[in-house]
Amino acid sequence: MAKTLELRPLGNTGLKLSSVGFGASPLGNVFGPVSDHDAVASVRHAFLLGINFFDTSPYYGGTLSEKVLGKALKALGVPRNEYIVATKCGRYADGFDFSAERVTRSIDESLERLQLDYVDILQCHDIEFGSLDQIVNETIPALQKLKESGKIRFIGITGLPLGVFTYVLDRVPPGTVDVILSYCHYGINDSTLEDLLPYLKSKGVGVISASPLAMGLLTESGPPEWHPASPELKAACQAAAAFCKEKGKNISKLAMQYSLSNKDISSILVGMNSVKQVEENVAAAKELEIFGKDEKSLSEIEEILKLVKNQTWPSGIQQS
Ligand code: NAD
């Protein structure tokens, strides 16, 4: 086994993120209840196994994820520069607000919950739900002021429809947006992010791809109740998971390896809520480094998912 988890550069930021990133939405009980003990143990184990990147949001569990992550990071007792923390602004349990006033207040609230002096990355959360022109003209300039104040080091944007990234990046001065976080678009069932990678690279923008397990679609236990996929997509993924199980393979491991294999993506953010999941996902990455992808199993799964390939779901508001 490879000794340490691979570190990959994040665009022009100078940051190096572990190839597997820790998605902390499950710590907000988004995928079912998680005890404080399991949450703290998962974060500790992740750090010990080489994961240095942790992503959260005030939205996850109505601020619970940030609080639990903060507690778990503090319990590590290691210097602040040994881990990279990303959180978000603009999306909250009670709705969206990308105004300069709200996001400026938001970072102070997040820092308090996280028990930190600064976050490495502050991302505008799910911008397709706001006015993209407000993001360009008001929100990002407010985040630039936060950068100058030292409360955040880098600026990011997140969302589901890929078009929102080009819309914003085409309209802000070069170097303003450091990072994009895309989700559910670089996995076995949907790999549409791939087409955008050359554009992002040309702009020096770092790429984080989240939800390699398609928010639970590519797991043996299946997605949570709230999952927005069509019944057809859910059924196809369930069939693929059952096929893998029958062959003695684990669909989540294959899915992780598929996503991790593209090195133009800096970190694959996977949501984890147990030491077991941390171990499995890190092992999947290390095994990939040595043996490469299981091409045969992947092509069999791709065949099962052929009819739903790149099928997504609507997200956000109509932009004028
Ligand atoms: P995911 O695809 O990572 O799936 C998470 C689910 O898979 C959870 O139920 C988790 O317990 C389970 N899981 C993890 N490892 C497993 C394993 N080895 N075997 C079986 N099941 C396993 O989806 P996600 O959590 O939504 O995405 C990852 C992270 O990315 C989030 O936690 C969040 O930090 C970030 N994210 C951000 C956005 C956004 O900004 N809009 C959207 C989605 C995700």
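Predicted model: local features only at pLDDT ≥ 70, side-chain atom pairs only at ≥ 80, totals over all residues.

Reader: What makes strand 8 and strand 9 a pair?

Author: Two strands pair if DSSP finds at least two bridges between them. Strand 8 and strand 9 (residues 152–159) have five, in the parallel sense. Gln123 has Gly156 in strand 9 as its bridge partner. The chain goes from strand 8 through helix 4 (residues 132–149) to strand 9, a right-handed β-α-β crossover. Right-handed means that, with the strands pointing away from the viewer, the path from the first strand over the helix to the second runs clockwise. Strands (E, at least two residues) and helices (H or I, at least four) are DSSP runs, numbered from the N terminus.

Reader: How do you know that strand 5 pairs with strand 8?

Author: Four bridges link strand 5 (residues 84–89) to strand 8, again in the parallel sense. Among the partners are Thr87 and Leu122.

Reader: Which strands close into the barrel, and in what order?

Author: Eight strands close it, in the order 3-4-5-8-9-10-11-12, with parallel pairing. From one strand to the next, the twist averages 30°.

Reader: Why is strand 8 called mostly covered?

Author: Buried means under 20% relative accessible area, exposed over 50%, and partly exposed lies in between (1.4 Å probe, protein chains only). Six of the six residues in strand 8 (residues 119–124) are buried.

Reader: How do you know that the span of helix 3 agrees with its 15 residues?

Author: The expected span is 1.5 Å times one less than the number of residues. For helix 3 that gives 21 Å, and the end C-alpha atoms are 21 Å apart, so the two agree.

Reader: What is buried in helix 3 (residues 100–114), and why is it placed on one side?

Author: Arg102, Val103, Ser106, Ile107, Ser110, Leu111, Arg113 and Leu114 are buried. They cover an arc of only 165° around the axis, so they sit on the same side of helix 3. The arc is that of the directions from the helix axis to the C-beta atoms.

Reader: What do these buried residues pack against?

Author: Their partners include helix 2 (64–76), strand 5, strand 8 and strand 9. Contact means heavy atoms within 4.5 Å. Just after helix 3, Gln115 takes a positive phi of about 60°.

Notes
Residues numbered from 1 in each chain as written. Heavy atoms only, no water. Axes fitted to C-alpha atoms, helices over the stretch in contact; angles between N-to-C directions.
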